[in-house]
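Biologist: I'm new to this one. Can you walk me through the model?

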Amino acid sequence: MKHMHEYSKRMFNLLAYYRQLCKERVPCTVIMTNGYQMQCAVFVNYCEDAVLLEDAQGRQQMVYQHDISTVRPARPLKVDFSLHEQTNAGMEKGDDWNV
């Protein structure tokens, strides 16, 4: 079961990153697995399976996380991964949005 523990740890790290993007509302370029690029997207909310993005015109779009290839923020972020692991310990698939 070590593999599941490592997957869970990576997922928490990803969710910590999304949490910081939502908190700071940093504009990002989001590149999808099909090559589509969403410019100036702001992360509004997230859960374990999807993220809610808002473009420069204020239009919102839900995107499944498995469709996201790359997130390129306009500026560097400082993310405390240990804090996220402590506050979301026990989070189960299907839990509500986090922000």
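Biologist: In what order do the elements of the protein run from the N terminus on?

Modeller: The order is α-β-β-β-β-β-α. That comes to 2 helices and 5 strands. Helices (H or I, at least four residues) and strands (E, at least two) are DSSP runs, numbered from the N terminus. Residues are numbered from 1 along each chain as its sequence is written. This is a predicted model: local features need pLDDT of at least 70, side-chain atom pairs count only at pLDDT 80 or more, while totals for chains, interfaces and linings use all residues, and side-chain values use heavy atoms, with hydrogens and water left out.

Biologist: What pLDDT does the protein average?

Modeller: The average is 80, and 71% of the residues score at least 70. pLDDT is the predictor's confidence in each residue, from 0 to 100.

Biologist: Which elements have the lowest and the highest mean pLDDT?

Modeller: Helix H2 (residues 81–87) has the lowest, 56. Strand E1 (residues 28–32) has the highest, 96. Over residues 84–95 the pLDDT is below 50. Beyond near neighbours in sequence, that stretch still has 18 contacts in the model; a contact means heavy atoms within 4.5 Å. Where pLDDT is low, the predicted coordinates should not be read in detail.

Biologist: On to the sheet. In what order do the strands sit?

Modeller: E4-E3-E2-E1-E5, in an open sheet with antiparallel pairing. Two strands pair if DSSP finds at least two bridges between them.

Biologist: Which strands stand at the edges?

Modeller: Strand E4 (60–64) and strand E5 (68–73). Each has a single partner strand, so one side of each lacks a neighbour in the sheet.

Biologist: How many bridges join E2 to E3?

Modeller: There are 4, between E2 (residues 37–46) and E3 (residues 50–54). Asn-45, for instance, has Leu-52 in E3 as its bridge partner.

Biologist: New topic. Which residues touch the most other members of the largest nonpolar core?

Modeller: Tyr-18, Leu-21, Val-30, Phe-43, Val-51, Leu-53 and Ile-68, out of 20 residues. Such a core is a set of buried Ala, Val, Leu, Ile, Met, Phe, Trp, Tyr and Cys residues joined through side-chain atoms within 4.5 Å. Buried means under 20% relative accessible area, exposed over 50%, partly exposed in between (1.4 Å probe, protein chains only).

Biologist: Which elements give two or more residues to this core?

Modeller: Helix H1 (2–24), E1, E2, E3 and E5. H1 gives the largest share, 5 residues.

Biologist: And what is Phe-43 in contact with?

Modeller: Leaving aside neighbours within four places in sequence, its contacts include Tyr-18, Leu-21, Val-30, Val-51 and Val-71.
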